[in-house]
Amino acid sequence: MSGHDSGHGNGLWSWITTVDHKRIGVMYFIAALVFFVVAGAEALLIRIQLWGPERDFISAETYNQMFTMHGTTMIFLVAMPLSVAFFNLIVPLQIGARDVAFPRLNALSFWIFLFGGIFLNSSFLFGAVPDTSWVGYANLTSSQFSPGRNVDFWLLGLSILGVSSIIGGVNFITTIINLRAPGMKLMRMPLFTWMTFVTSFILVTALPVFAVALILLLFDRFFGANFYRPTAGGDPVLWQHLFWLFGHPEVYILILPSFGVISDVIPTFSRKPLFGYPIVVYAGILIGFLGWGVWSHHMFTSGLGPIADAFFVASTMIIAIPTGVKIFNWIATMWGGQIQLTTAMLYCIGLLAIFTLGGLSGIMHSSAPVNLQQHDSYFVVGHFHYVVAGGVMMGLFAGLYYWFPKITGRMMDERLGKINFWTYFVGFNLTFFPMHISGLYGMPRRTWTYAAELNVSLPNMLSTIGAFIFALSALILVYTLIKSALAGEPAGPNPWKAATLEWSIPSPPPHYNFAVIPTVRSREPLWREDERREIEAVTLKEPDVEPVMPNSSYLPLLLASGVAMTWILVMTGKWWAPLIGLAYTGVWIIVWAFEDPFAKKGA
Amino acid sequence: MSMEATAADDHDYTSTGLPTWKVGFWTFMGSECLFFASLISTYMVYKGASTTGPFPAEVLNIPLTSISTFVLLMSSTAMVLALDGVQRGSRKLASFWLAMVIVLGGTFLGFQVYEFTHFVHEGLTISQNVFGSSFFVLTGFHGAHVTVGVLWMTILFTMSVRGKLTPADALKVEIAGLYWHFVDIVWIVIFTLIYLLQ
């Protein structure tokens, strides 16, 4: 069990200065898990409040803060970083690389993300918790209607996180384009790497649009600009366009990594290659493109007119096709296979079932007239939790159970894993299925209570019970993780007898990953006996000369502190204050530019 | 297969043969395209939406901005020549043309400072109307990009004068050049859409 410390040392400082993609991945994972617990607690407060009609367990103000922080945290601080954790942990191993293209920038992404997350949540300490929902519609967010600091924390926190995502996206695109092992052609890459590739393109293109939406809001709030001020000719609907132009591709940023995970896990536990590999790849790319053309289906109630509505109804229904194609591919992969129902596989099958249901309710409100009835009701809340808490999270948990042995060198406890899955599955459905019903009965979302006459008390009570089972499942997961990390069975290089390159190296991987970079000849290199022997001959041995890896560096942390400082200084409302932060950042950029990552230590 | 390290084990090896920094920077440029596209779209959406003056036709000075646009375009020429100087290993040429980029970029910024101050005197501020808001934020972010470019060129210039830019470092200058030309092209779009097509 010395994988992580070989070549590194293991003290706190070695983690703070690390540029190793595996350690950065582990830090992303742990940070996301902490935020998961925080956002889960916020959800529980919401559910306790909605246990019965007309309760006042928490005030309307607190309620607004809870659903705002729950949504914002789950999306930006849980689902996204959890995906990025897997990008970090797995992609270089799958393509036969020793690290990502820019190891120091990778560490920078992480620290900026962490500072952004802490900054956003520090709003609790100042009693100015964001309360305008995760979509932050103008002009509720204007200084006229939200005079406090709440919206400032939200918009500056998200801006910081956006910087982190863009840097991360650039890094992974470059890594996948440029650092593949010889023979690892694009159409031989494992699906998880493919979906990381597509997701990264969406990240670098969608996040700048959101950045602009936030910058306009920033200028409105701090410098008296008029972007979202109708009295001066501004238009609040511009926010909706910019937000959803980012926000819908964001949905695919969330789900595509999970699609990638299960496209790798299902073949492994069906003992069959992925059915229709090119189709799954092209469907993923198509989703990435079409994801840009559907944003206004979030805005059917804002009165865009029949032509625009008709266009977005059609485009939304079209995007269901490549998604449906993938579902059939996964089912066809399992068909006739020797299925092993491991926890990872259970989560995959859970995703198939639950995501399909979420997709179907999605098609329901892709129709504009139906949408008008469902908009802003609990039906929508039920729908997107089926897609995100069901689809995205189950996919990521499948990845967790699947790759945990690779990263830690220990097996996860399968018995606890199955308890974790079933409590998750039952708790999930009990929480979110009744929401479709309360929604159709007319229960509005983002409203802190409901009248007894609405007849939604029973579904709400069921949702609350479900939420606690759900929470129990999360606790079991945390326990399973700790227990398995400390005392799990040793895994060996390839415990699942899987086909892809990450399973050809020791578990946990040495810090240089591959003693010698192997040559790849097929899509399932470890399932072809001759190829497997050839690869393992070089990947399972100690190297003659240890590969040269970049040095640790404290600069990512310092540079990230500059980025965070710049945004925080915006809070002062003085136009020159952020310039101080920029100057401080600039100093570290210059030091960074002149640091040689491969300089010999002590020289 | 033997245990000997192959070409792929060298940390300069790439699958495409392209330098990693170049691929990364092009990707970043793609991200920047969407950033400016969003700002420019915002300006276009709000064209003619201002409820009070000053309106674009009252303040925009096309002859003056044509001059500053010309200056910025010329700076791109200087950039090309600077890269050429570095590739040839000529410290003198490289330093001279890098200095020219800095001077021309700085001149452009000077024009912009003059323009902004002048507009404020005319009563056009960021909070005056949506034209003011969208104009200052769009051109301000462009100006900030030019400023970053000028600082970057200053660092390269210092390195060049000290003889630390050899032909082996040409990639550094090439990437800085990519950035510079990109910022230049964005200005051509802005100049056309804001000034020429009022």
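Q: How many residues of chain B are in contact with chain A in this predicted model?
A: There are 35 of them, and they meet 40 residues of chain A. To count as a contact, the C-beta atoms of two residues have to lie within 7 Å.

Q: Which elements of chain B give two or more residues to the side that touches chain A?
A: Those are helix 1 (20–45) and helix 5 (130–161) of chain B. Helix 1 of chain B brings the largest share, 13 residues.

Q: What makes up that side of chain B by class?
A: You'll find 17 nonpolar residues, 17 polar ones and one charged residue there.

Q: Why is C348(A) called buried?
A: The cut-off is 20 or more other C-beta atoms within 10 Å. C348(A) has 30 such neighbours, so it counts as buried. You can look for it in helix 10 (residues 343–364) of chain A.

Q: What is C348(A) in contact with, leaving aside its neighbours within four places in sequence?
A: The partners are I262(A), V265(A), I266(A) and A398(A). Take V265(A): 83 residues separate it from C348(A) along the chain, yet their C-alpha atoms are 7.5 Å apart.

Q: Which residues have the most contacts inside the largest nonpolar core?
A: That would be A213(A), C348(A) and A398(A), in a core of 229 residues. Helix 6 (residues 191–223) of chain A supplies the largest share of this core, 23 residues. Apart from it lies another core, of five residues, including Y63(A), M66(A), F67(A) and V129(A).

Q: How do you know that the span of helix 3 of chain B is close to the expected one?
A: Set the two values side by side. Helix 3 (residues 62–88) of chain B has 27 residues, and at 1.5 Å a residue 39 Å is expected. From its first C-alpha to its last, the helix reaches 39 Å, so the span is close to the expected value.

Q: Which residues of helix 3 of chain B are buried, and what covers them?
A: The buried ones include T65(B), S68(B), L72(B), M79(B), L83(B) and V86(B). Among the elements covering the buried residues of this helix are helix 4 (91–121) and helix 6 (170–196) of chain B.

Q: What follows helix 3 of chain B?
A: Next comes G89(B), with a positive phi near 80°.

Terms used
Residues numbered from 1 in each chain as written. Chains lettered and ligands numbered in written order. Predicted model: local features only at pLDDT ≥ 70, side-chain atom pairs only at ≥ 80, totals over all residues. Helix = DSSP H or I, 4+ residues; strand = E, 2+ residues; numbered from the N terminus. Nonpolar A, V, L, I, M, F, W, Y, C, P; charged D, E, K, R; others polar. Buried ≥ 20, exposed ≤ 12 C-beta atoms within 10 Å, placed from the backbone. Core = buried A, V, L, I, M, F, W, Y, C linked by C-beta atoms within 7 Å.
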